[in-house]
Amino acid sequence: MNIIKRDNNIFILETENTHYVIGIDKTGYNHHIHWGKKCNPDDYYINTVGDENSNNTMLDEYKQEITPYGQTMYRDCDIKAEFEDKCREINLKYIGSSSTDDTLSITFSDKYYSLEITLHYQIFDGLDIIKRYTTLRNTGTGRIDFEKISSAQFSLPSVKPYTFRNTNGAWGGEFIETNTVLDGGYAVFETRKGASNHNNSPYFIAYHNADENSGDVYFASLAYSGNFKVSCSRDLYGISRVILGMNDFDFSHTLNGGESFDTPPVYCGHTQGFGDMTRQMNRFCVQHLLPKQFNQETLPVLYNSWEATGFAVNAKQQIELAKLAAKMGVELFVMDDGWFGQRRDDHAGLGDWYVNEEKFPNGLDELINAVNELGMDFGIWVEPEMVNADSDLFRKHPEWSYHYPHREACELRNQLVLNMTREDVQDYIFKTLDELLSNHNIKYIKWDMNRPFSETGAENLQNPKMYSYLHTMAVYNIVDRLKEKHPDVAIESCASGGGRCDLGALSHYDQAWTSDNTDGIDRMTIQKGYSLLRPAKTMRAWVTDIEGINKPCSLDFRFAVSMQGSLGIGGDLTKYSDEDLEICRKNIAFYKTFRDIVQFGDLYRILDIEKDEVLLNQYVTADKSKSVAFLLANGTRFYKKRMPVRFDGLDNCRNYRLTIDGKTYEKSGAYLMNCGIILQIRGVDYNRVIIIEEIE
């Protein structure tokens, strides 16, 4: 792993298995030279061309690391700005670089105006992941208004059309994969709603004939939770390019004299197969991205009371649920919506983060103390970015929500979005949550966000179109400040389910709520999509009473699905039979014996529920001494399946022991991965959790 700089301004980022190569030609243009398998560093060179004709210029053909708007470049650009004299072109010249063993910075400046742009790169030991971001500096005194600011541009190596994988989801159906073959024109994945994940996702995965174990896979994920845009294109030369960054829809960002701006970072890589991509990103996120307080700790089994009580919470009923949860082995009891203000339904109370005295006449500590005495930590739900019109906060500060003076505000879920770009709003939210955590023994915050933005007027801003970025940064900042002052408090990102669980959110929050859809059958597909570029330990997965509409599955089946992330329980325990409670207790105890493997191990997706009728996911420790495999099917067809179940990720030369359906097998890793164990997988509720251990 190294940064190699050659005398002819060629820069080589050497990762564990790849080279990423950049060049600056004699005229100062930047060139992307190579991204892929390692070559002899002395072989790289810059290929310069002239204009093809008067309609197709050399700038159209160049592969670049950054493409500003201007001159005779007519394809999509990364950066577009307007200077004070109304010039809307940027003309860059190379002015220098700096590097260490693992970082590289390349700086350009406009040939006339006071704009300086630096491209930043960082590599990581033992991985093929590269961090990229861009710094913009206004080195003069006048203002510069940016119409578009992207974090990174990528030029893919092959002239063959790539297939681009993204998501095409919705509330209750997050992370549903879509694969688009792009042989010409543009494919755009974006959000304009203010949160990053319900529909498209802020990443690209580009590949040719790839599967879990083979094929060139290129990917990049934007660490940003606001409005994003991923623009993929393929031109007449067969060049496929991708630009990632903040969405230029309803966007503008102003830099006054002396100010600078860092774009949200992008994490990218090249691997062989989707499986290696997932495993590299999982290791990278755990080691380098997640907040440090809990990144090396297994997350606790939690119980959330929402499905049991809805808004009608009170101390007595929560304590009864806590007693049942404690007997099952739950470690963290979380009270959801309904505990504050005049919150009896979703029409009132948001913004009033004080305890409802009618529901908790002895205060919140009566419940917290009871939960603690049962041996569990206590957590609580909040939705800090939102306000109901029927609330003390809105009556006192109606100007605190996004609004236009002559437009009627749209209320989705009967609520409005607070203008988080205002310092007084930020101060209120931090102060309120800080007091809640300081005055009570709360170890966990479920931070929700239940509606997209509208009426995004922000008269407090010099440039109101900066709202999406500034709102997102304000949320990150408050979360960071709370975690700094209360380092023993874990915070979960939730946005009407999985609406905000991009890498930006995960660099501040400790975990994410995956989806409000807890149907065990649906979750097999949702969780696969989540797992592609996000760490398994951040994926909160609940066992609830939703058995599936027209596709029932047992309590054991739902546990087998949910144990593939950070396990949670969300059903109405007061309605569980003694047998159901015992099933929960046994599964929770079982999960605790291997959760470290799931939360920190390497994931191998072996069989896909959509393609194979069978799901087989296996998690393996880094030293390959132990693994856990989840084998599930819900109704196989045509008397199937009697099949060899082959495992993965083991050591060919070691021997392992596993037990399935009461029969113990002792086989070599090579046998288990190449021959497998013959099993008959049949029935509407087939589920097995298999522990595989090395024989000493």
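Biologist: Two strands pair if DSSP finds at least two bridges between them. What makes E29 and E30 a pair in this predicted model?

Modeller: E29 and strand E30 (residues 566-569) share 4 bridges, and the cut-off is at least two, so they count as paired. The sense is parallel, with Arg 540 opposite Ser 566 in E30.

Biologist: And how do you know that E28 pairs with E29?

Modeller: Strand E28 (residues 511-513) has 2 bridges to E29, again in the parallel sense. At least two are needed, so that pair counts as well. Here Trp 513 faces Arg 540 of E29.

Biologist: Why is E29 called largely enclosed?

Modeller: Buried means under 20% relative accessible area, and 5 of the 5 residues of E29 (residues 539-543) are buried, so the rest of the structure largely encloses the strand. That goes for both faces: Met 539, Ala 541 and Val 543 are buried on one side, Arg 540 and Trp 542 on the other.

Biologist: On to the helices. Why are H4 and H12 called oblique?

Modeller: The axes of H4 (residues 315-328) and H12 (residues 578-600) cross at roughly 50°. Roughly parallel would need an angle under 35 degrees, and roughly perpendicular starts at 65, so the two helices are oblique to each other.

Biologist: Which residues make that contact?

Modeller: H4 brings Leu 324, Lys 327 and Met 328, while H12 brings Leu 581, Cys 584, Arg 585 and Ile 588. By class that's 5 nonpolar, no polar and 2 charged residues.

How values were computed
Residues numbered from 1 in each chain as written. Predicted model: local features only at pLDDT ≥ 70, side-chain atom pairs only at ≥ 80, totals over all residues. Heavy atoms only, no water. Axes fitted to C-alpha atoms, helices over the stretch in contact; angles between N-to-C directions. Parallel < 35°, antiparallel > 145°, perpendicular 65-115°, else oblique. Contact = heavy atoms within 4.5 Å. Nonpolar A, V, L, I, M, F, W, Y, C, P; charged D, E, K, R; others polar. Buried < 20%, exposed > 50% of the residue type's maximum accessible area, 1.4 Å probe, protein only.
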